[in-house]
Amino acid sequence: MSLQVTILSVTGLKGKNARSATITFRNHSYRTKSEECGNEAIFNETFEWPLASNIEESDSLTIDVSNYNKVFSNRWIGRFQMVLQQVVKNGELSLTEPLLDMNNVALKECISIEIKYLAPDGTVGNWCVEDFAPAKPLDSFSFNSAVTVGSKESSGSKRKGFLGAVGLRSKQRPIDSAGDLVISNSGAIDSEPTREPRLLIGRSNPDLDAMSVVSMTMVDQPVTNKRSKPETRFESGAAKPQHFQVSITVIEARQLSGTNMDPIVVVQVGDDKKQTNQKESTNCPYYNEVFVFDYHVPKEVLFDKILTLKVMQSRNFLRTGKLVGKFKIDLATIYANTDHNFYHKWAVLTDPDDLNTGPKGYLKVDVSVVGKGDSIKVPKAGDDNADDIESNLFLPEGVLAERQRARYVFKIYQAEGLPKMNTSITEKLKTVLQGEARDLVDPYVEISFCDMKGRTSVRKNCYEPCWNEQITFTELFPPLCKRIKIQIRDKDNLNNTVIGTTFIELEKISNSGDRGFLPTFGPTYVNMYGSPRNYTMVNEHSDLNGGLGEGVAFRARLLMGFSVDLVNINASEGQGSSDVEVETITPLSELGAGKIEEFFLFGSILDANMISKTMSDKPITFEVTVGNYGNDIDGANFSKKTRQEDGGDSDNSLDDSDDDERNVLLKGSNQNFENPNIRSLTPSATPKTSDNYYYHMPYFEEKPCVYLTSYWHDQKRRLYNSNIMHKIADKLVEGIEDVQEMIKTDEERPDRRLRGVAEEFINGCVTFTRLVKGTGERGMGRTRLDKQRDKLCLREVEWMRNEANKIKKKLKQTTLKEKFAKMKSLLAKLKWLCDDPQQSIPDVFIWMLSGQKRVAYSRMPARVILHSVRQEESGIHCGKIQTIFLRLPGKRSLGPSGWNIQAKLDVYLWFGLAKNKRDFLRGLPQGYEVTRATKALNSPPMYLTYKDRQQFELRAHMYQARNLLAADESGLSDPFAKVIFSIHTDTTQLIEETLNPTWDQTLIIPNLTLFGRAEELRDDPPIIIIEVFDKDVVGKDEYIGRTIAKPTVKMSNERYESPKFPPKLDWYQIYRGVTKAGEILASFELLQIPYDQREMDDLLLTKWRETKRQSKNNIFEIKVAVDHEESAKVTESILTDQGPKYTVPKGIRPLLAKHRIELDHVCHSGHIVSIPPSKVLGARYLIPQKNQINYKNYQMKFGLNLLGAQICS
């Protein structure tokens, strides 16, 4: 089963040259022979890809045509790329299409090809299987065409077929008819039909030794069902205060510079100061004094504090306190060190104003930074030589003892999008007094770096200030602080207010080593976020403007650059004071930050439910914004004048659009139909309810749409590279979790799955290298950091690819633990590279408005919904339906109020260049009709109307929970669970006074109406929310936690049969915020109406009997004679004091049996005796500690309920 492509010819070529074409499918490429020709190249070459899985909608075919050169690199002519949807439908396709250049502009050159496709399942289009030529023999180039295992050849050729199968970049389908074949991991096939092994091994081939099978076998599909579970943690966006303690022990000082000294040591943490006692007439004072600073602040605030150790000559009536030397380091560096401390280390004291001399002395200290819950390790006394200063310097690992002076240069150009910083009353008053309306903000920029601050001049009354100033700091390199804080502030007579804050991580914009580079950044725009833009006298979210917590609104963007110049102490420029310098610089050129492009954002809200009851009394609408575009309530402020410098002549650098056009663009979401192409707000509507608990919006057949146009500097290459690496990392995370689950549950051969993970990772690295090398040097506005990051990422990805290759080749069962740890270290390294520090396009915000008040929000990076013509570069959620949970802004999200979901949205988003917006509806579920604002065909839709509707029934099999959080004073809870699906809710019965409730209850939600085509609902059903509460007699039920699941879907035309059905019980992790709150054992099935209940019962009973017969180790009692009526009862309806309930059906419910455990020889030294988790649910027993006493023939009896072999914990 394969895909066959014939490249016939390329016409319209210019000049005479040798031509060649490279064709790529699923990351595997072929190249034609070079053809010397004029304006037409005749190839007539056929290429074939053997397939083991169906071609998907995302699969594409790419052909690159080049002028071939034997000496120099080939000159690229153009590209042809197509998705294979039509090929899958018809089976055969012939076409002639023009090539495209890098800007997707059609060229005069045209390519003619023929495509034939035979699906692995045997479905064909308008052609016959005989049209395919026999497979070609294996050669040095196209080894994918080798004969696979199972081909009927002589025994001598089977080994060659095995090696050929290993090289295939596609998943192999098990061959049912081949009786002599076994699957490398049969357990994967038993558990789920879509999990297919990568390799089939011939049982009858005696030539394959065991080692060669082990070294080459890999499984590249998940073998556990953990992968399908969505993220369940709901983290607060606010910065939560924590308890920290900073402890500094000043032991002694040596070699202090000066004579007749009475030194004291000043210890300063942030703005807090303490000092030692004075030591008289000595250059080597001994103190041994301890200073403790306690803080209850967010972690970010503490880590930005600088620890400064100053040695000063004490003051008296003859002299003032003179600085001998000082040492600075931030608390984040200390906390990141081993055990969060530095023990018996010597701080090198320097004078910042004296660059020509060396150290001014050494200060021996112990420093530690510990938070609540951190383990404290007391160093052993005498571990270090107290006199060896050079080997015990107070420096992080990797920092050289001799640090050089450097100039840290920040170039501040301009800002835009600033909010109002005064009330409307103040605006009217100023207009009356001054005779004209002025901008209500007086901005300046302040930079905080290594306990130094520098600021630009103030620009009076300007929403779009232009500074063109340079701020320079002088400090040792590398600095002992991790990040730089940049703020835009508003000058005020009483108190200067922070408008927005951003941070630059130094380790993200530099690299150490032989091929490293000094810190560099920009010039580029940085985005600032904080509180909502509406100004109030008392701002409850003011901390967000200072960078504490996740900003809930766009505040401003600043154009800036940063560089580091090492100082030569022998040159004149290196002399003088270390004071912060501010000077004027030339403006940046018009295209210095890149070319401005038009971007288009489209969204459709398909479902909105789980709306809090507190918001049900007012109409609700949803708003989508990017930057100030789309924000019609408190968005863009239009400057009353053009960019100015202190009221002087206007500066038009970078101002490449007139004011009228700019106003229209920034206004964005005007809902007054003046601009029908801008629509950022959904129509307001009153939420409804079906259970009086959660409310939902009446989005049934009609789904509202939002769309807007925005203009940004085209730096999407940065986002593309991040998307590629994030996808590789996500795939690696899934694979590592899968291997970890296999190890935990004693699955067979996890080493084969890990080998498949390594192979997938290698393929991802190859893709990244190919795409970055092909496009990395193009585009305006590329900064030095862009170029250095591309080189760094290419080097690191190539190194990681080689390491993964070594892991794959040397992986065995005996080395699984070691290689698994190495794969996790590769993942950590890749994650560190993923995010580009220069992401110039602002984040996208979705706000829920109750009336005109903003109540809940969600924020996502623009890159996750960014579109690209290459699938690898597109964002993970671009053109896809995603579930979004809205939360409260700022400090409101802390504590119990933040645990509640304010609303759940199923939303479709697409963001990309306006010239590519023809693709923006492609990912929506089919079956909709479009209602447009105008009659123009290219006008975006206002509504999507789904005529197709399907009837379903949800069955939630809720068996039990374990290790729930205690909610009552007794240390127990009275738990019950709510199951929320779409707009419907059902509740289990209450189990009193337990943390491990067993509900054994099936919840049935009938007559569910879902809109859309049946096959798409089958492939991507809505998610299920499970919430667990503690029942309180008085007051509101206490929230324990929440988890998410996806149901197994059965369509009416689908048989209820193995291995997909019945759905197996599985553990779902419950979270309360980010805290683990227990686990719940359940399964869910979504049945399309009508369904055959008798068919389902027959399978469930069959499974029940098979499970009893196949129980491992005969631990369950097997009845010889089974009562027919009893066995026919798949589920029972039990009447309890809380009402009737249906038990979990047989075949899904686990088997239980009472057991006795006898311990004949136990050593009582505090050991934990545990039952294997595949047989016991959470059974652990602690033997009471008896020092050095051995008990023989000590018998312990427990009445236990053990789960059958069907459930693997």
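Which residues does Ala401 touch, not counting residues up to four places away in sequence? The reply comes in point 2, after a quick look at the whole chain.

1. **The chain as a whole.** Please keep in mind that this is a predicted model. The protein chain holds 17 helices and 56 strands. Of its 1209 residues, 52% are buried. Among contacts with a separation of 6 or more, 71% link residues 24 or more positions apart. The chain exposes about 56,400 Å², and carbon and sulfur atoms supply 48% of that area.

2. **Ala401 and its surroundings.** Back to the opening question: Ala401 touches Leu393 and Leu395, leaving aside residues up to four places away in sequence. Ala401 itself is found in the loop between β19 (361-371) and β20 (404-416). Its relative accessible area is 43%, so Ala401 falls in the partly exposed class, between the 20% and 50% cut-offs. Val348 is 53 residues from Ala401 in sequence, yet the two C-alpha atoms are 8.8 Å apart in space.

3. **The hairpin of β13 and β14.** Strand β13 (residues 263-269) runs antiparallel to strand β14 (residues 272-275), and four bridges join them. Val269 stands opposite Asp272 in β14. Two residues lie between the strands of this hairpin, and Gly270 takes a positive phi near 65 degrees.

4. **Strand β39 and its two partners.** Strand β39 (residues 941-946) is mostly covered, with five of its six residues buried. Strand β33 (residues 702-713) is joined to β39 by three bridges and runs antiparallel to it. Strand β38 (residues 928-932) is also antiparallel to β39, with five bridges between them.

5. **Aromatic pairs.** How many aromatic pairs does a search of the whole structure find? The search finds 29. In one of them, the ring centres of Tyr693 and Phe1029 are 6.3 Å apart and the planes stand at 90 degrees, so the pair is edge-to-face. Tyr693 lies in the loop between β31 (688-689) and β32 (695-696), while Phe1029 lies in strand β44 (residues 1024-1030), so the pair ties together parts that are 336 residues apart in sequence.

6. **Charges over rings.** Two arginines are worth a look. The charged end of Arg483 sits over the ring of Phe503, 3.7 Å from the ring centre. Arg859 lies over the face of Tyr529, with a distance of 4.0 Å to the ring centre.

7. **Cysteines.** How many disulfides does the count come to? The count is zero, with a pair of cysteine sulfur atoms needing to lie within 2.5 Å. Cys37 has 8% relative accessibility and counts as buried, because the cut-off is 20%. Cys765 is buried as well, at 3% relative accessibility.

Methods
Residues are numbered from 1 along each chain as its sequence is written. This is a predicted model: local features need pLDDT of at least 70, side-chain atom pairs count only at pLDDT 80 or more; totals for chains, interfaces and linings use all residues. Side-chain values use heavy atoms; hydrogens and water are left out. Two strands pair if DSSP finds at least two bridges between them. Buried means under 20% relative accessible area, exposed over 50%, partly exposed in between (1.4 Å probe, protein chains only). Contact means heavy atoms within 4.5 Å. Accessible areas come from the Shrake-Rupley method with a 1.4 Å probe; for residues, only the protein chains shown count as cover. Rings of Phe, Tyr and Trp (its six-membered ring) pair if their centres lie within 6.5 Å; planes under 30 degrees apart count as stacked, over 60 as edge-to-face and the rest as tilted. A charge sits over a ring if NZ of Lys or CZ of Arg is within 6 Å of the ring centre and within 35 degrees of the ring normal.
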